[in-house]
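Biologist: I would like to learn how to read a model like this one. Could you take me through it, one feature after another?

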Amino acid sequence: MFKKIKGTGIGLSQHDKVFSAFAASLTASKTLGHGEIVKFDKVWTNVNNDYDPITGVYTSPEPGVYQFSCSVMTQKDKQLRVYLWKNKKRTVAIYAGYPGYNTGTLNMILDLAKGDKVLSGCGVYDGTEVHEASAILVHLSRNKADVSMFAPDIEQMHAIDHTKGEPMPTNRSNFAVDGANMKVNSDVERIIQEFHKGNKPIGLCCIAPVLAAKLIHGCEVTVGSDQEEGGKWPYAGTAAAITTMGASHQKKDVTDVHVDEKNRIITTPAYMCETALHEIFDGIGKMVTGVLKLTK
């Protein structure tokens, strides 16, 4: 529900006016795709018609302070991440995961200008996977490592225009589009090759091991399993692409790592596997620890 309340007193009174509010829900279970906007098909209340059930976007009619609340429940033994967006900026998230059916709730208060847009979406195309990045930073901090973070200053191929629910077009190709024929960003390619030539250890998780497979011929990496195993490994086909690129794929569980001692590359599957967050965290911890050991 979204509300804008006029007045300085606490709570509602006969002198306050609700300019905008809506309540909506889904009438059936729904499998959300990456970057998909949640479009509630049952609208219970829609004062001023500021919520559009066709696009799933709420547009603020007046400047003011608005309250947002949302609850979700996973399908059995599945996980879900849903983000609340203000225009093109992600605010807070709900994460609900294994086992069984799990629920999550978010509450957020936002200061909106007239015409600001707010929506819920299932995000992944908006940059680094937040749980993986957080796990890496936690383990680096625990090991008292000095940390610097860098990213190419370019548009992302799969950045989502969440006001329309459409991918932002760019000309840069990547593995998601070209598979084994992918092209690597020139800065990323240069850094990986310089690390390799300098005999520096490289840690890669989730889909990132394909970078090593493309750039370091004959290296050994893992993205988990080469079989879907009933949906546990939904991206199992990546293993075949790694082999096509001239690398060797090593089958590992999500909490394990593979160490390519010759090339000093340590990889772990992370979210290539549909599993609980703590298992992702544990596997990444082993990767970070392994990389740091190779720096000594």
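Modeller: Gladly! Let's begin with a term: a nonpolar core is a set of buried Ala, Val, Leu, Ile, Met, Phe, Trp, Tyr and Cys residues joined through side-chain atoms within 4.5 Å. Buried means under 20% relative accessible area, exposed over 50%, and partly exposed in between, with a 1.4 Å probe and protein chains only. This is a predicted model, where local features need pLDDT of at least 70, side-chain atom pairs count only at pLDDT 80 or more, and totals for chains, interfaces and linings use all residues. Residues are numbered from 1 along each chain as its sequence is written, and side-chain values use heavy atoms, with hydrogens and water left out.

Biologist: How many residues does the largest nonpolar core have, and which have the most contacts inside it?

Modeller: The largest nonpolar core has 35 residues, and Ile216, Cys219, Ile242, Ile265 and Ile284 have the most contacts inside it. Two or more residues each come from α1 (130–142), β14 (202–205), α4 (209–215), β15 (220–224), β18 (265–268) and α6 (277–294). The most come from α6, which gives six residues. Helices (H or I, at least four residues) and strands (E, at least two) are DSSP runs, numbered from the N terminus. Apart from this core lies another, of 17 residues, among them Tyr51, Tyr58, Val82 and Leu84.

Biologist: Which residues does Ile242 touch?

Modeller: A contact means heavy atoms within 4.5 Å. Not counting residues up to four places away in sequence, Ile242 touches Val210, Ala213, Val221, Val223, Ala247, Ser248 and His249.

Biologist: What is the mean pLDDT of the chain?

Modeller: pLDDT is the predictor's confidence in each residue, from 0 to 100. The mean for the chain is 81, and 80% of its residues reach 70 or more. Over residues 1–15 the pLDDT is below 50, and this stretch has 36 contacts in the model beyond near neighbours in sequence. Residues 158–173 also stay under 50, with 44 contacts beyond four places in sequence. Where pLDDT is low, the predicted coordinates should not be read in detail.

Biologist: Is Asn49 buried or exposed?

Modeller: Asn49 counts as exposed, at 61% relative accessibility, while Asn48 counts as partly exposed, at 48%.
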